[in-house]
Amino acid sequence: MFISVKCIFKCVFKRFYYCKNLLNELLAVKKTMENLDKTDLLILKYLQEDCNINTKDLASKLFLTVTPVYERIKRLERDGYITKYVALLDKKKMNRGMTVFCNVRLKEHAKNVGSNFVKDIVALPEIIECYNIAGDYDFMLKILVQDMASYQDFVMNKLSTIENIGNTNSIFVMGEIKHSTALEF
């Protein structure tokens, strides 16, 4: 009976600790968002739609003059709300029309092993996103290649050469239903 109560106490404590951390993260995000007013949010919205919009056109959409809009953009960049500007390319026209999600499980979980894995993954241009995940696998990779033969070549000649990969599971995208780079707020 004592072991069961102790086990229950541990589970409740872990759940409480998890909820407390989650609440603190949500409050931190809310506090960060409180620093932005409606004009800042509109600037972010318009820049997500088209980062090439010039300050004059953006100012006219906001019914402001150019200088305050320019200063707000610079503040949003300085404060880290805007991290960078990019051009989005057509994957098919760039001969990268096949998307594959590859889940990877490592053999070991020592710190240096994970660091080496990450260093090797970052060096592969076919991998455009890499996430450290919880669950059955340790990492999820988003890979863009031309076709199935290109993916087979990638797996055989690049991915399989990375040390400490225990096993992988590839998921092939048949169709893209929704893809967005914009954050809604």
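Why does Met-33 count as partly exposed? Its relative accessible area is 34%, and partly exposed means between 20% (under which a residue is buried) and 50% (over which it is exposed), with a 1.4 Å probe and protein chains only.

The model is predicted, so local features need pLDDT of at least 70 and side-chain atom pairs pLDDT 80 or more, while totals for chains, interfaces and linings use all residues. Residues are numbered from 1 along each chain as its sequence is written, and side-chain values use heavy atoms, without hydrogens and water.

**View 1. A nonpolar surface patch that includes Met-33.** Met-33 sits in helix α1 (residues 2-34); helices are DSSP runs of H or I of at least four residues, and strands are E runs of at least two. Together with Leu-183 and Phe-185, Met-33 makes a patch of about 320 Å².

**View 2. The largest pocket.** Here you will find about 720 Å³ of space. Among its 24 lining residues, Leu-47, Gln-48, Ile-82, Lys-84 and Thr-181 are the closest to the centre. Helices α1 and α2 (38-49) each supply at least two lining residues, and α2 gives the largest share, 5 residues. The lining has 14 nonpolar, 6 polar and 4 charged residues.

**View 3. The second largest pocket.** This one has a volume of about 430 Å³. Its lining has 15 residues, with Leu-89, Lys-91, Ile-128, Leu-144 and His-179 nearest the centre. Strands β2 (127-132) and β3 (139-145) each give two or more residues, and the largest share, 3 residues, comes from β2.

How values were computed. Patches are made of residues with over 30% relative accessible area and no salt bridge: like charges are joined within 9 Å, nonpolar side chains (Val, Leu, Ile, Met, Phe, Trp, Tyr) within 5 Å. Accessible areas come from the Shrake-Rupley method with a 1.4 Å probe; for residues, only the protein chains shown count as cover. A salt bridge is a side-chain nitrogen of Lys or Arg within 4 Å of a carboxyl oxygen of Asp or Glu. On a 1 Å grid over the protein atoms alone, a cavity is a set of points where a 1.4 Å probe fits but cannot get out, and a pocket is an open set with protein on both sides within 12 Å along at least five of seven lines; lining residues have an atom within 4 Å of a point. Grid points are joined across faces, edges and corners, and a volume is the space filled by probe spheres set on the points. Ala, Val, Leu, Ile, Met, Phe, Trp, Tyr, Cys and Pro count as nonpolar, Asp, Glu, Lys and Arg as charged, and the others, Gly among them, as polar.
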